[in-house]
Amino acid sequence: MPDLLDRDRLQTFRVGGDERLARAELRRQVGRLEHELSSLCAEAFPRLTLDTGVPASFAVPRVARLEELEQVRDALAERISVAREALREQDELETRNRELLERMLAAPAEHKWMRISRADVGEPGCGHWHSRPRLGPLGMLMGWWRVKVSSGCPLSGRLAAVER
Amino acid sequence: MAASKTSRPDLHSEPLPRQGWVAPHIAAEFPGLGIAWVELESRRTNSPEPVRRRLRDLSDRFYGSHAIHMRERPIPWAYRVFFRQIGLDPDHTRTPVEQLALDRLHDGAFVSRGMPADAVTIATVETGVALRVFDVGKLRGELCIRDSAPGEALPDKPAELAQGTLTIADGRGPLALLFGGPAADREIDSEATRIAIVAVQVKGVPQAAVDEALWIASAAIAA
């Protein structure tokens with residue numbers, strides 16, 4: 001992978017002078033930005049779906065001109081900026097939810113009927129934490145509250161094994 | 001002992017990859033761009049059981065997270081970058097390996113489409129290298145990557161190509177767009193007896209991966 005980020009050697013540029021050099025530099029920047037966007041996209045999965053699309057310059061493949069490469073680079077940089085902001089907001093939300101979960105676990109009676117899913121705190125799976133009364137209506141009247149932990153859906157591997 | 005001798009592959013019978021050329025001004029713009037192919041006997045047929053079993057095995061070890069993290073791997077990423085550099089959006093015009101990944105998630109498996117398409121699917125998913133298939137009977141001369149000249153069009157397409165379109169061409173003219181053209185199995189008809197499996201290499205894709213892709217596809221066709 002690093003060789004894609006390396007600058008192309010000057011001897012490959014035989015004609016076109018500075019503009020070809022500029023195009024090569026822009027292509028290198030596009031490669032670096034694409035790598036960054038891909039990393040953000042993978043980091044966000046499955047918590048967040050990031051839009052990584054950049055409108056295509058052409059309907060068919062061709063050698064892009066300098067200004068077209070600049071447009072692609074700027075659009076990628078914009079996408080990265082938006083993706084970083086979305087990830088930062090998501091991280092903050094998950095941190096707040098984790099703190100709320102800790103408070104709920106410490107004092108279930110103060111968070112009656114509150115339900116926090118694993119997705120809310122950025123964890124994989126579909127389980128959740130639910131503040132519920134012990135022994136149903138009796139627990140409600142007596143104030144016997146507890147947090148019930150759901151382990152979520154069965155694993156897909158187990159379902160596949162059952163189908164076999 | 002005897003069994004191991006008979007199961008050893010005969011290296012001399014394997015088709016040797018041939019290297020095509022890239023127009024000098026295109027090669028100067030895109031160092032690392034290349035084209036290589038192997039020619040072998042094959043017809044459009046249903047895939048034999050070993051090939052279909054291999055597709056099922058590939059399906060079983062390929063999940064949604066693989067599709068997302070695929071773009072971080074060096075070879076799929078190299079194709080994404082190249083797509084950006086030639087003005088295509090890889091989230092719209094998918095790279096070959098990402099298109100296969102998307103089809104796998106959509107269909108629930110790598111669905112068998114017969115030979116040689118299944119061989120191309122296996123080799124592409126295993127290596128990430130972009131492959132396509134042509135009918136050798138319709139090729140003239142060496143394969144190359146070049147931009148289209150004024151007045152040129154793709155075979156059986158009346159519309160003239162925009163000047164400068166990057167194409168795979170032979171001695172007569174453009175055969176297909178470099179990427180984003182018709183699917184691999186549509187480029188050969190039922191009368192083809194000899195096919196060329198063509199690999200398009202871009203910067204960041206090692207030669208060993210290209211050779212491996214061609215070898216895997218050839219081996220699958222010979223199965």
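1. Chain A has a secondary structure of five helices and three strands, where helices (H or I, at least four residues) and strands (E, at least two) are DSSP runs, numbered from the N terminus. Along the sequence, the pattern of chain A reads α-α-α-β-β-α-β-α. A bookkeeping note: this is a predicted model, in which local features need pLDDT of at least 70, side-chain atom pairs count only at pLDDT 80 or more, and totals for chains, interfaces and linings use all residues. Residues are numbered from 1 along each chain as its sequence is written, while chains are lettered from A and ligands numbered from 1 in the order in which they are written.

2. Of the 164 residues in chain A, 18% are buried. A residue is buried if 20 or more other C-beta atoms lie within 10 Å of its own, exposed if 12 or fewer, and partly exposed in between, with C-beta atoms placed from the backbone. Taking contacts in chain A between residues at least 6 apart in sequence, 50% join residues at least 24 apart; two residues are in contact if their C-beta atoms, placed from the backbone, lie within 7 Å.

3. A:Ala109 sits in the loop between H3 and strand E1 (115-117) of chain A. Is A:Ala109 buried or exposed? A:Ala109 has 12 other C-beta atoms within 10 Å and is therefore exposed. Leaving out residues up to four places away in sequence, A:Ala109 touches A:Gly143 and A:Trp145. Its C-alpha atom and that of A:Arg79, 30 residues apart along the chain, are separated by 44 Å.

4. Now for the interface: the contact takes 31 residues from chain A and 33 residues from chain B. On the side of chain A that touches chain B, the elements giving two or more residues are helix H1 (2-5), helix H2 (18-44) and helix H3 (66-106) of chain A. H2(A) gives the most to that side, with nine residues. By class, the side of chain A that touches chain B has 16 nonpolar, eight polar and seven charged residues. Here Ala, Val, Leu, Ile, Met, Phe, Trp, Tyr, Cys and Pro count as nonpolar, Asp, Glu, Lys and Arg as charged, and the others, Gly among them, as polar.

5. Helix H7 (residues 117-127) of chain B deserves a look alongside helix H6 (residues 96-107) of chain B: their axes come within 9 Å and cross at roughly 105°. Axes are lines fitted to C-alpha atoms, for helices over the stretch in contact, and angles run from 0 to 180 degrees between N-to-C directions. H6(B) and H7(B) are therefore roughly perpendicular to each other (angles under 35 degrees count as roughly parallel, over 145 as roughly antiparallel, 65 to 115 as roughly perpendicular and the rest as oblique). B:Pro96, B:Val97 and B:Leu100 in H6(B) meet B:Thr121, B:Thr124 and B:Val125 in H7(B). The residues of this contact divide into four nonpolar, two polar and no charged.

6. H7(B) is largely enclosed by the rest of the structure, because 10 of its 11 residues are buried. Those buried residues pack against helix H3 (49-60), helix H5 (74-85), H6, strand E4 (130-135), strand E8 (194-201) and helix H8 (207-222) of chain B. Just after H7(B), B:Gly128 takes a positive phi of about 85°.
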